[in-house]
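Me: I would like to understand how the words used for this structure follow from their definitions. Could you take me through a few of them with care?

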Amino acid sequence: MTESPPRPRRQRVLLLLAVVVGVVVVVATYGWARAKALDAAGEAGRQRLGLYASTIRNALDRFSYLPATIAIDRDVLELLEHPDPARVDDINRRLERINVKARSAALYLMDASGTTLAASNWNTPTSYVGADYSFRPYFIQVMGGGAGHFFGIGVTTKLPGYFLASAVLDREDRIVGAVVVKIDLEGLEKEWAEANEKVLVTDENAITILASRPEWKYTIDGRLDPPLQAVLNKTQRYGEMAIRPLNVGRRQPLTEALRLTVIDGVPYVVQSEPYPEEGWTIHYLIGWDETLQRVRGTAALAGIAWVAMVLLLLYLRQRRIANRARQEASEELERTVALRTQALSAEIAERQRTERELRGTQDELIHAGKMAALGQMSAAIAHELNQPLAAIQTFIASSRIFLERVDLKTVAANLVMVEDLGNRMAQIIRHLRIFARKSPAERVAVDLSACVERALLLLDAPLRLGQVVVERRLLPGCLVRGDQLRLEQVFVNLIRNALDSLAGAATKRLELEMVRDGDTVVVRVADSGGGIPPEALSRMFEPFFTTKDVGEGLGLGLSLSYAIVADMGGAIHADNRPEGGAVFTITLAADGVMPGN
């Protein structure tokens, strides 16, 4: 009979096996995570490159109509055929006005010899008037085919730009001059830099003409050989700017579309896409170290998970051994005292059964309490967050429209409002928790007029859509002691109820009046709706009581408003106005007047 190996030896074998499997798990996870990271980088690169190409195309197309439109102007042709100072002055001023309205960098008119006759910058130190640009490729293209385009640094202004040119034809369709618009693309570089993007655009000679980092601009990926230098000197494409070699180190293909490139000592994942309209190439860069860090983190987590699983198995094994030992001891003890514990066993069994029943009953009660609390809190949160969510949806919808119009300033303002509303929602949840626990809210000096204006701002869209006339009689700078967010929510609830009441009214008017009465401030929110049913006046502030149809309200708004005002030492009252409609009156203790008012 063969003896089993000693226990220590078997444990060492199992430990070695666990280590080997752990290494395999980490290596496999690393390879999988690396492949996923590269896939994600490739997808992100494709999306970003498409966006950059579209942005460049839009920036150029925005001005493409200008040269051709100005070229067919009869006054422009007359100036080319019969130059005189009066006509030059008129065209100078006309180009200046058009340039300001179009927001282009410059507009100018050249004759058939390449001399500039008129320009939008005619009255500046860097005026183009009188300058000879016949050597520029865009002029040569125009004289040869009727249209031209070119990117380079201005000979006169020393500023980079993209030049679009259209031919001016006389009555016999002969080319007698050219109209040129200069487009400033540095705004794109500023946007990329502010977004912390790593982007560069190279021309057909691999020279970087646009870059999110200034140190990459006007560098060449390779060597600037004499023939290319001669061409650049002839066209003065980059003026006096020295073209420097881009500090590129190791290159390594990662996938079919991605490559690892070290620039200035920093490794990047680079993805490129041609921009065929101009012969340019757009390059998008992602930090390779950041990608590797995420991959290594995933592999480390896999290793930690494997170690945790091994430790769990060891723990379960040790526990099984301990349980077996306890079970054997227990069985021995039971056999020893079996005869002396028969009567006691029956009593113990009865007590255990009773204890299980009691524990089950207790668990059911706790569960019921938890479900009731959860239902109450969920309803409160759903009601309190309804208004900010509606405002966020409105701002997002308007942002899409302004984004299509490339009105980034308005989009940025909308995003600030969305961020404020998000913070507001977080604060609402915090205050709901405070309200549920009956804990006191923070009491500070609050501008009550500002709270009303903020509530009107949040409900601006439904007020406008409902064609509601809002009449304000407020006291700017009047302070009360309370919590700003809670007071804003009170006015949001009251104005929202007024909107619902005005839905079918013939006259839609909302009145907001603030009066200082000694040491108190009284605010009245009145509407011209159908008023409050008499039988509902005494129950308006009860939780879950509502006069709205099922599904249109939870009946919590006025209840919470009542509690908020009461917590601040104030009072709120609802009534019907003799002329029709409802009025809610809020009375709060005054805290003084803001300095300067």
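Me: Where does Y315 lie, and why is it called partly exposed?

Reply: Y315 lies in helix α8, residues 288-337, where a helix is a DSSP run of H or I with at least four residues. Buried means under 20% relative accessible area, exposed means over 50%, and partly exposed is in between, with a 1.4 Å probe and protein chains only; Y315 has 48% relative accessibility and therefore counts as partly exposed. This is a predicted model, in which local features need pLDDT of at least 70, side-chain atom pairs count only at pLDDT 80 or more, and totals for chains, interfaces and linings use all residues. Residues are numbered from 1 along each chain as its sequence is written, and side-chain values use heavy atoms, without hydrogens and water.

Me: What makes D527 buried?

Reply: D527 has a relative accessible area of 4%, so it counts as buried. This residue belongs to strand β18, residues 520-527, a strand being a DSSP run of E with at least two residues. The C-alpha atoms of D527 and V469 are 9.9 Å from each other, although 58 residues separate them along the chain.

Me: Which residues line the second largest cavity?

Reply: A cavity is a set of points on a 1 Å grid where a 1.4 Å probe fits but cannot get out, and lining residues have an atom within 4 Å of a point. The second largest cavity, with about 60 Å³ of space, is lined by Y108, Y128, Y133, R136, Y138, G154, V155, T156 and F163.

How values were computed: 1 Å grid on protein atoms, 1.4 Å probe; cavity = no way out; pocket = protein on both sides within 12 Å on 5 of 7 lines; lining within 4 Å. Points joined across faces, edges and corners; volume = space filled by probe spheres on them.
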